[in-house]
Amino acid sequence: MAHIELPEGLPGIRGPLAYSPDTTRPLCDLVETLLYGPNTLTRAEREMIATYVSAENDCYYCQTCHGSTAAQLLGGSPSDYQLIDRIKNGYTSAPISEKLKALLVIAGKVQMGGKLVGSHDVELARTHGATDKEIHDTVLIAAAFCMFNRYVDGLATWQPHDPEMYREIGEQTARLGYAGRDWKQPLKTVKGK
Amino acid sequence: MPHIQLPEGMPGILGPMAFSPETSKPLNELAEVLLRGPNTLTPGERETIATYVSSENDCFFCQTIHGAVAAHHLGNNEGLVKSIKKDFEAAPVSDKLKALLAIAGKVQKGGKNVTGHDIARARKHGATDKEIHDTVLIASAFCMYNRYVDGLATLAPDDPEIYRRNGKRLAEQGYIESTADQLQKQYV
């Protein structure tokens with residue numbers, strides 16, 4: 001049971017987003033810019049950074065939603081979902097670019113604490129072609145998910161373990177992004193209570 | 001030196017905000033609604049929560065500027081802010097604020113650390129669902145702002161007078177207006 005009374009039938013962050021519209025608008029504008037807006041990093045790459053940080057923070061809902069969104073952006077096949085699992089379980093051996101690996105190193109340091117990012121981490125990312133803007137965005141995506149994960153788990157939100165629900169969420173978000181959504185809209189995969 | 005090339009003369013979060021206006025807009029709007037919007041928690045109480053979390057995250061810039069904003073709201077009581085950072089349970093603040101700071105401290109370490117016991121303590125001292133929600137989100141948001149500021153290795157001035165001056169301005173003008181002003185001119 002959630003720590004406060006949230007609208008029913010809305011999993012994860014959807015409960016608090018529906019509960020507090022005043023804070024939801026800037027939260028969704030932020031994540032829209034970070035994960036959906038124009039960028040030299042692909043949407044899938046940015047969702048992977050969000051997924052990895054959420055996994056490191058052990059937030060089941062966020063890592064599964066953003067993992068599903070990343071997989072959908074790659075095509076949505078079982079092998080796309082497997083790639084996301086590999087990134088979460090040790091991205092160094094995953095078939096992704098050296099640049100993305102270097103950005104995931106930075107994201108992982110930010111997750112543990114901002115001061116842990118060393119200039120050698122930033123140098124490594126630069127060696128593999130990362131720009132200042134991409135490094136900035138990686139730090140802010142990682143920082144933002146340290147917020148979203150705590151928001152979701154700090155209120156003890158409802159986080160069902162149903163792969164079909166996360167597939168639906170991934171498909172939706174891959175298509176619609178984040179800003180201006182109606183978070184009260186029920187999910188087809190969530191049966192009425 | 002910051003990890004990326006940020007506009008010069010803008011310490012702390014102002015450098016990244018000048019670097020990335022499109023993300024700075026929602027970041028300032030979020031701070032404004034959380035810390036200054038209509039709320040049954042006073043701006044002083046909410047800035048205290050932000051300061052405490054920033055201190056637990058060891059972010060010098062954030063804890064000093066929000067500590068200065070909090071002190072301004074609390075009648076220029078810098079000693080009170082200091083005592084809250086050091087040991088809020090022993091500080092002369094309400095039992096409700098102590099219970100909310102306990103929740104914020106748990107969130108800082110990780111969301112799952114907040115227990116039913118922590119919530120029950122806050123409720124016992126009169127905290128509403130909305131106040132608990134806002135405390136969790138303020139604490140979470142400062143786990144973001146702190147990492148943003150330190151993760152880019154931004155520069156922070158040492159001079160307490162700079163923080164007093166800017167803390168007063170932020171307390172009076174708010175995050176959206178004040179930051180827009182600061183991004184126009186040199187931060188002094």
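Me: Why is Asn76(B) called partly exposed?

Reply: Asn76(B) has 13 C-beta neighbours inside 10 Å. A residue is buried with 20 or more other C-beta atoms within 10 Å of its own, exposed with 12 or fewer, and partly exposed in between, with C-beta atoms placed from the backbone. So Asn76(B), with its 13, counts as partly exposed. Bear in mind that this is a predicted model, where local features need pLDDT of at least 70, side-chain atom pairs count only at pLDDT 80 or more, and totals for chains, interfaces and linings use all residues. Residues are numbered from 1 along each chain as its sequence is written, while chains are lettered from A and ligands numbered from 1 in the order in which they are written.

Me: What makes the backbone of Asn76(B) stand out, and where does Asn76(B) lie?

Reply: Asn76(B) is not a glycine, although its phi is positive, about 55°. Its place is the loop between helix 4 (60-73) and helix 5 (78-87) of chain B; helices are DSSP runs (H or I, at least four residues), numbered from the N terminus.

Me: And why is Asp58(A) partly exposed?

Reply: Asp58(A) has 13 other C-beta atoms within 10 Å, so it is partly exposed. Asp58(A) also shows a positive phi, about 60°, without being a glycine, and sits in the loop between helix 3 (43-56) and helix 4 (60-73) of chain A.

Me: How do you know which residues make the contact between chain A and chain B?

Reply: Two residues are in contact if their C-beta atoms, placed from the backbone, lie within 7 Å. The contact takes 39 residues from chain A and 38 from chain B. Helix 8 of chain A gives the most to the chain A side, with 16 residues.

Methods. Helix = DSSP H or I, 4+ residues; strand = E, 2+ residues; numbered from the N terminus.
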